[in-house]
Amino acid sequence: MKLFNRTPAGVRAAVAPTDRVLTYAEGPGGYVVATDKALYLGETRLPWFRIDRGVWDEEGLTVVTTEGRTFRAPLPEPGRVPEAVRERVMASIVVSQYAPLDARGGVRLVARRTDDDQVLWEFVFDAGMDPQDPGLRALAEQALEETRRSFGV
């Protein structure tokens, strides 16, 4: 019987000294490590507040960031990594509110808590809407102000 479950040196070396390892799994591309502050996919560090979603299948993990970038990590034996990803991404979300804008659709307003305890707001427009459209941006900003007042954030 093991008295201590030691984190392998390769896992400890892969994460920032200020991050606390929660769980990890090893795949063909290296370690996938979930810490209190970020998800490490090999050499890539993704802070939790920058991850929009993680999707699991029998081959591994696909992570989509809030900027729309996609990362794939094959993990034949994911261990507790899927639960940690879900829990940490959900814990970073302070508010997620949908606001209809016009006949074309709406926007999801998402507030996420950053590592330094700030609140970062983002707009997630419905498919087919142009986030650069000044009219839509103005409507989204108005919806954001109403949401911020409503939630006190």
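Modeller: Before we start, two strands count as paired if DSSP finds at least two bridges between them, and please keep in mind that this is a predicted model.

Colleague: Fine. Which residue stands opposite Tyr40 in E3?

Modeller: That is Val33, and the strands concerned, E2 (residues 30-35) and E3, pair in the antiparallel sense over three bridges, with a hairpin of two residues joining E2 to E3.

Colleague: And how many bridges link E3 and E4?

Modeller: E3 and E4 (residues 44-47) pair over four bridges, again in the antiparallel sense, and Ala38 stands opposite Pro47 in E4. Two residues lie between the strands in the hairpin of E3 and E4, where Gly42 takes a positive phi near 65°.

Colleague: Which way do the side chains of E3 point, and are they buried or exposed?

Modeller: Ala38 and Tyr40 point one way from E3 (residues 38-41), while Leu39 and Leu41 point the other way, and all are buried. In a regular strand, side chains alternate between the two faces of the sheet.

Colleague: Switching to pockets, how much space lies in the largest pocket?

Modeller: About 200 Å³, and the lining residues divide into four nonpolar, three polar and five charged, with Arg50, Asp52, Arg53 and Glu122 among them.

Colleague: Which strand gives the most to that lining?

Modeller: E10 does, with four residues, although E5 (51-57) and E6 (60-65) each supply at least two as well.

Colleague: What about the volume of the second largest pocket?

Modeller: The second largest pocket has a volume of about 160 Å³, and helix H2 (residues 81-92) provides the largest share of its lining, three residues. That lining includes Trp48, Arg88 and Asp115, and its residues divide into three nonpolar, two polar and five charged.

Conventions. Residues numbered from 1 in each chain as written. Predicted model: local features only at pLDDT ≥ 70, side-chain atom pairs only at ≥ 80, totals over all residues. Heavy atoms only, no water. 1 Å grid on protein atoms, 1.4 Å probe; cavity = no way out; pocket = protein on both sides within 12 Å on 5 of 7 lines; lining within 4 Å. Points joined across faces, edges and corners; volume = space filled by probe spheres on them. Nonpolar A, V, L, I, M, F, W, Y, C, P; charged D, E, K, R; others polar. Buried < 20%, exposed > 50% of the residue type's maximum accessible area, 1.4 Å probe, protein only.
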